[in-house]
Amino acid sequence: MITDPLSATLRIASSGLQAQGTRLRVVAENIANADSTAPTAGGDPYRRKTISFTSAMDRSTGSEIVKVKQIGRDRSDFQLAYDPSHPAADEKGYVKRPNVQPLIEMMDMREASRSFEASVNVIEQTRSMMNRMVDLLRS
């Protein structure tokens, strides 16, 4: 498989954009549901989602790209809050709160955002190199 390195670079960077975009979506879901309790008494609230990545061979360019391996669930314990008047409270008056920690989500979002920006920079640099190459070929 013969492909030009600039096209392979664009493919690798675009796979990074897709992966980090999915990661940002998962983080946004976690933040949006940080206060989502169970709809029924004694039920489980929203459980934090996690994401993992894997590398895969892109057959069209012969390069390794990043892909989402799995969107899973965080199995850590729920927090308990005493609120007997809450509709989701159990018979003892405790409400299970989601296992989402906003500080961790914000850190994860920041890391994903920086990775996203790095991929955008790679695409912009590669595009600039392609344009310069075309200019050189014209002259």
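Visitor: How many helices and strands does the chain have?
Guide: This is a predicted model. Its secondary structure comes to 2 helices and 4 strands. Along the sequence they follow the pattern α-β-β-β-β-α.

Visitor: What is the radius of gyration of the chain?
Guide: The chain has 22 Å. A compact globule of 139 residues would have a value near 14 Å. Now look at the box along the principal axes. The C-alpha atoms fill roughly 80 × 25 × 20 Å.

Visitor: What percentage of the residues counts as buried?
Guide: Of the 139 residues, 29% count as buried. The cut-off for that label is under 20% relative accessible area.

Visitor: And contacts along the chain: what share joins residues at least 24 apart?
Guide: Take the contacts between residues at least 6 apart in sequence. Of these, 62% join residues at least 24 apart.

Visitor: Now the helices. How do I describe a packed pair?
Guide: Two packed helices are described by the angle between their axes and the distance between those axes. Here, the pair is H1, residues 5-32, and H2, residues 102-138. Their axes come within 9 Å and cross at roughly 160 degrees. H1 is therefore roughly antiparallel to H2, since angles over 145 degrees get that label.

Visitor: Is the crossing of H1 and H2 left-handed or right-handed?
Guide: The crossing is left-handed. The residues of the contact between H1 and H2 divide into 17 nonpolar, 11 polar and 4 charged.

Visitor: Let me try a single residue. Where is Glu 105 found, and is Glu 105 buried or exposed?
Guide: Glu 105 is found in helix H2. Its relative accessibility is 0%, so Glu 105 counts as buried.

Visitor: Which residues is Glu 105 in contact with?
Guide: Leave aside the neighbours within four places in sequence. Glu 105 is then in contact with Val 27, Asn 30, Ile 31, Arg 48 and Val 100. Take Ile 31 as one of these partners. Glu 105 and Ile 31 are 74 residues apart in sequence, yet their C-alpha atoms are 6.8 Å apart in space.

Visitor: Next, a strand residue. What does Ser 63 touch?
Guide: Ser 63 has its place in strand E2, residues 63-73. Not counting residues up to four places away in sequence, Ser 63 touches Ala 8, Ile 12, Ala 56, Met 57 and Asp 58. Ser 63 is buried, because its relative accessible area is 9%. Ser 7 lies 56 residues from Ser 63 in sequence and 10.0 Å away, C-alpha to C-alpha.

Visitor: One more serine. Is Ser 85 buried or exposed?
Guide: Ser 85 counts as exposed, because its relative accessibility is 66%. Look for Ser 85 in the loop between strand E3, 79-82, and strand E4, 94-97. Ser 85 and Val 95 are 10 residues apart along the chain, and 9.6 Å separates their C-alpha atoms.

How values were computed. Residues are numbered from 1 along each chain as its sequence is written. This is a predicted model: local features need pLDDT of at least 70, side-chain atom pairs count only at pLDDT 80 or more; totals for chains, interfaces and linings use all residues. Side-chain values use heavy atoms; hydrogens and water are left out. Axes are lines fitted to C-alpha atoms, for helices over the stretch in contact, and angles run from 0 to 180 degrees between N-to-C directions. Angles under 35 degrees count as roughly parallel, over 145 as roughly antiparallel, 65 to 115 as roughly perpendicular and the rest as oblique. A crossing is left-handed if the near helix is turned anticlockwise from the far one by less than a right angle, and right-handed if clockwise. Ala, Val, Leu, Ile, Met, Phe, Trp, Tyr, Cys and Pro count as nonpolar, Asp, Glu, Lys and Arg as charged, and the others, Gly among them, as polar. Buried means under 20% relative accessible area, exposed over 50%, partly exposed in between (1.4 Å probe, protein chains only). Contact means heavy atoms within 4.5 Å. The radius of gyration is taken over C-alpha atoms; the globule rule is 2.2 Å times the number of residues to the power 0.38.
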